[in-house]
Amino acid sequence: MESHRSRRRPWRSVGVAAALSCAAAGCSSAEEAATVPTATGEASTSRADGDVFTRAETDVGPGAGPTSAAPPGPPTTSPVDGSSAATARSDAAPITPPVVESLPAVAETGVPGIDSDDAFCRAWSEYAGSFAALAFAWEVRPPAEAARLEVAAAPALRAAVADLAEALPDELEAQREAFTVDFPAPMLRRSSRAITLLGEAGADDAAIAALGEAWIDELADEGFDSPTLDVDAPPAPEALAAAAADFAAAVPSIREDPSLDTTAIDISEALDHLSANCPDQGTLAGDDDVGGDTG
């Protein structure tokens, strides 16, 4: 993924988990979708600011810090000449400041993390950014246009989930089934239907894969809340048009699909990892507590 793409559209944190919840709750607008809790049924671990703090494991000893200094004691008397002098401590422990590991500020354009060097973070942004774009499209655009975008995005969604599973960090192994199978399963069923319709309309495997790549390129350039997001000059355009028409007729919108409610699936550890380690810092899952004014 090239990192020099221009970013033209501001993004809002619609949030994958938030939009999934709206499938069942029936949100009245995209703005309302942005405020729905995450897919765990409760908010992801919030932080007071955008930094990840790790205090060094060094005993700073008594008296460290501006508020913990002990009051000065009386002067001691020298046993040799009886003179008074303050006894300097030669073994005082050094004061070690906290180590602050700061993630860069969340990008205000495009899809944060979609060109990340971290394979896991990049796959998450491709999946979550795609879902957010499609949820927004089904909310504000005609059904025929939204269906066309979802069919075009289907190969990219399937590939992104496969990449998430392949790049899953060791610390999240206990959540593999929940995060890479159960959580995306409802959306992948829609994607599989779209890919089947593309094949039936005459698109071969190469054209389907190229369509997914074209979707990611456009998503990265435009951002997921662009009202004009589209795949220009798509591979197999006739097949895309036919598949989109069949998809719109057979599949409910993301807003109306009750199967997309994943709030009962606990992926809290995965969401915490994303918030602490990935460029979107949890915003694509609906966690906006990243410090500062996110707009």
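**Close-up views of a predicted model**

**View 1. The disulfide of Cys-121 and Cys-278.** With -80° about the S-S bond, this link between Cys-121 and Cys-278 is left-handed. The two cysteines sit in distant parts of the chain, 157 residues apart. Cys-121 belongs to helix H3, which covers residues 119-140. Cys-278 falls in the segment after helix H9 (268-277). The sulfur atoms of Cys-121 and Cys-278 are 2.0 Å from each other. Cys-121 is buried. Cys-278 is buried too. The model shown here and in the other views is a predicted one. The disulfide count for the model comes to one.

**View 2. Helices H6 and H8 packed together.** Two packed helices are described by the angle between their axes and by the distance between those axes. Here helix H6 spans residues 185-200 and helix H8 spans residues 237-250. Their axes make an angle of about 135°. The axes lie 8 Å apart. H6 and H8 are therefore oblique to each other. The crossing of H6 and H8 is right-handed.

**View 3. Residues where H6 meets H8.** From H6 come Arg-190, Arg-193, Ala-194, Leu-197 and Leu-198. From H8 come Ala-239, Leu-240, Ala-243, Asp-246, Phe-247 and Ala-250. By class, the contact of H6 with H8 holds eight nonpolar residues and three charged ones. No polar residue takes part in this contact.

**View 4. Ala-233, a loop residue with positive phi.** Most residues other than glycine have a negative phi. Ala-233 is not a glycine, yet its phi is positive, at about 45°. Ala-233 lies in the loop between helix H7 (205-222) and H8. Is Ala-233 buried or exposed? Ala-233 has a relative accessibility of 77%, so it counts as exposed. The cut-off for exposed is over 50%.

**View 5. Gln-281, a buried residue with positive phi.** Gln-281 also is not a glycine, and its phi is positive, at about 50°. Gln-281 lies in the segment after H9. The relative accessible area of Gln-281 is 2%. Buried means under 20%, so Gln-281 is buried.

Terms used
Residues are numbered from 1 along each chain as its sequence is written. This is a predicted model: local features need pLDDT of at least 70, side-chain atom pairs count only at pLDDT 80 or more; totals for chains, interfaces and linings use all residues. Side-chain values use heavy atoms; hydrogens and water are left out. A disulfide is a pair of cysteine sulfur atoms within 2.5 Å. Helices (H or I, at least four residues) and strands (E, at least two) are DSSP runs, numbered from the N terminus. Buried means under 20% relative accessible area, exposed over 50%, partly exposed in between (1.4 Å probe, protein chains only). Axes are lines fitted to C-alpha atoms, for helices over the stretch in contact, and angles run from 0 to 180 degrees between N-to-C directions. Angles under 35 degrees count as roughly parallel, over 145 as roughly antiparallel, 65 to 115 as roughly perpendicular and the rest as oblique. A crossing is left-handed if the near helix is turned anticlockwise from the far one by less than a right angle, and right-handed if clockwise. Contact means heavy atoms within 4.5 Å. Ala, Val, Leu, Ile, Met, Phe, Trp, Tyr, Cys and Pro count as nonpolar, Asp, Glu, Lys and Arg as charged, and the others, Gly among them, as polar.
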